[in-house]
Structure formats: C-alpha cells, structure tokens
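Welcome! Please have a look at the sequence and the model below, and then we can walk through the fold together.

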Amino acid sequence: MKKIILLLSFFSTSCFLFHCSDKSSPEPEIDSDNNEENSDPFIDSFEGNGDLVGYTTNNPEVLPNVGRRSGRYYAELIDNSDNQTLHYHEQQGRLDAKLVSFPFEFIARNIGIGTIEDSQVAPSASGEPFNFAGVQLHVLDLESPNSAHVVVGHRGSTSFTIEGKNTLNGNSSVNDIGINEVSDGRADIRIVGKDDNTVTVYWQLPNLNHADKEDNWTLYNGTGNLPGQAPTFGEEVYVGLITYAFYTTGVPFVGTCDQIEIEE
C-alpha cells in the first residue's frame, strides 16, 4: 500500500512540474490566418530640420537642396540646367525612396508644389510650366529607366492637376486628371501594391485632419491605372518622393510633403 501511495504521489508531482495534458480539455487550435505578428505601419512625419533619414537616394547631385524643414519633406528646386531634375523617358532626376515588398500601401500626405516664400502656397501657372512633386515607384536597378509615378502640380496648359506616368525601358506614357482638379496644387496620394506586383493609384484633396476624419479616395482617372504599359516590378520596389521641372519655366519653386505612411 505504501508503494502505491508513493507512486501516485510521484505521478501527481510529475504532472505538476512537467504540465501533463488533460485529455478532457484539448488545447485550442491555432488560427493560421493570424499566425504572423501584425506590424505597425511605418510613418515619417519629417520632424525637425536636416537631412532625410533612412532613405535610398538616386541622383542626389541634380537636386541637392532636399531634406527636412519645419516638419516637412522640403525640396528646393532653384536650378534645372540641362533638365537635370526631369523624370521623362530616359532622364531620371532625384528620388528619395524606401524599399518595400508587395503587397503594400503607400500614402503621401499633402504633397505638392509651393513658392520659395511660402511652401504651402502654389506658384502661379504663368507661362505653362511643368512643375511637380509626387511619388515614384522604381525597379530595384536605379540606373534602369523603368518607373511609374504620380505627381501634383502644373502640367503645361493643364495647371493644378495630377499627372500619372509609366516609363518602360526609357519610353514614357503620360496623362493627367484635368485642369484645376487640385486648386491648391496639393493632394494626398495613395498607391496600393497588389499580390501580383501591380499597383492601383488613388488621390484626394489633402485631408489635413486624417487622424480624426476618414479619407475619401478617388481612383486615378476612374480606374486607378496609370497610362501605357507599366514596368515589370519584382517582389520588392523602391517607393519614394520626387520633385522636378521641365526646363526653367516656373523655377524656382519647392516641393513638399507632410508625411508618408507605409504598410506592408
């Protein structure tokens, strides 16, 4: 009898120490759809003043005055000699980008053009300038002229607009959403990268109170598609900010952005 009591006592103690399972209470099944940890979106509100932090920059020498100023991305375009800032066909201006993986969502808040005196007041469209700031997607080889972009500003006689562009092997296809659609020369831009490595583009007038007010996105030109044939993007792509001009009409001006948000 003592041996039996000792054995039962040992078994009970072992179950306590080593967590013997209770067959009457099976462990809950793991939900495979929620097996991965949810990561918070990346947000850069460009706080303070100084250089941009943590960006991959292509062709910085063509637009040297880019950084953080008073809590904004701030690109001062004062020289466009030889069209050095231009993004068109094989010409590639400056890009400040983050490396992201499909699928993703990228939002640029209150992005557009302003004057040297006041970055939040759009310059006039006198002389039919091509002055833009916006978002570009670029293949991993930054030397390769394969990209897509959505930019806000003046497009010649179509002022205060949003331009969309696909550049495939150095050949650009371009259109826009029409004149005076963004009357302040500023907008929010949203790009959704899908599982098949293609993108859908949205825009809205700046939602300056987006923390408390819901966004109201509009598909670019009703479809969300940029014109022409898009480059073939791999599993990863550079997505970032550009500011550029075509020749010198409207120069100098500045391109600014309040915040970017990236969710992968």
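## A covered strand and its partners

Let us start with strand β14 (residues 236–245), which is mostly covered: nine of its 10 residues are buried. Please keep in mind that this is a predicted model.

Which strands pair with β14? Strand β5 (residues 95–101) runs antiparallel to β14 and is joined to it by six bridges. Within this pairing, S101 stands opposite E236. Strand β7 (residues 130–138) is also antiparallel to β14, with eight bridges between the two. Here G134 has I242 of β14 as its bridge partner.

## The chain as a whole

Among the contacts with a separation of 6 or more, 65% are between residues 24 or more positions apart. The accessible surface is about 14200 Å², and carbon and sulfur atoms account for 49% of that area.

In soluble globular proteins, nonpolar side chains tend to be buried together. In this model, the largest nonpolar core holds 43 residues, and F104, I162 and L241 have the most contacts inside it. Strand β6 (residues 104–114) is the top contributor to this core, giving five residues. A second, separate core has nine residues, including L95, F132, V151 and I242.

What does I162 touch, leaving aside residues up to four places away in sequence? Its contacts are V150, V151, V152, N175, D176, I177, V182, A187, I189, W203 and Y220. One of these, V151, is a member of the second core.

## Backbone details worth a look

Most residues other than glycine have a negative phi, and most peptide bonds are trans.

One joins F102 and P103, with omega at about -10 degrees, and P103 sits in the loop between β5 and β6. The other joins V251 and P252, with omega at about 5 degrees; P252 belongs to the loop between β14 and β15 (253–257).

The other two concern phi. N59 is not a glycine, yet its phi is positive, at about 55 degrees; this residue lies in the loop between β2 (56–58) and β3 (66–69). N180 likewise has a positive phi, near 60 degrees, and is found in the loop between β10 (171–176) and β11 (186–193). With a relative accessible area of 47%, N180 is partly exposed.

Terms used:
Residues numbered from 1 in each chain as written. Predicted model: local features only at pLDDT ≥ 70, side-chain atom pairs only at ≥ 80, totals over all residues. Heavy atoms only, no water. Contact = heavy atoms within 4.5 Å. Areas by Shrake-Rupley, 256 points an atom, 1.4 Å probe, with all protein chains shown as cover. Core = buried A, V, L, I, M, F, W, Y, C linked by side-chain atoms within 4.5 Å. Buried < 20%, exposed > 50% of the residue type's maximum accessible area, 1.4 Å probe, protein only. Helix = DSSP H or I, 4+ residues; strand = E, 2+ residues; numbered from the N terminus. Pairing = 2+ DSSP bridges.
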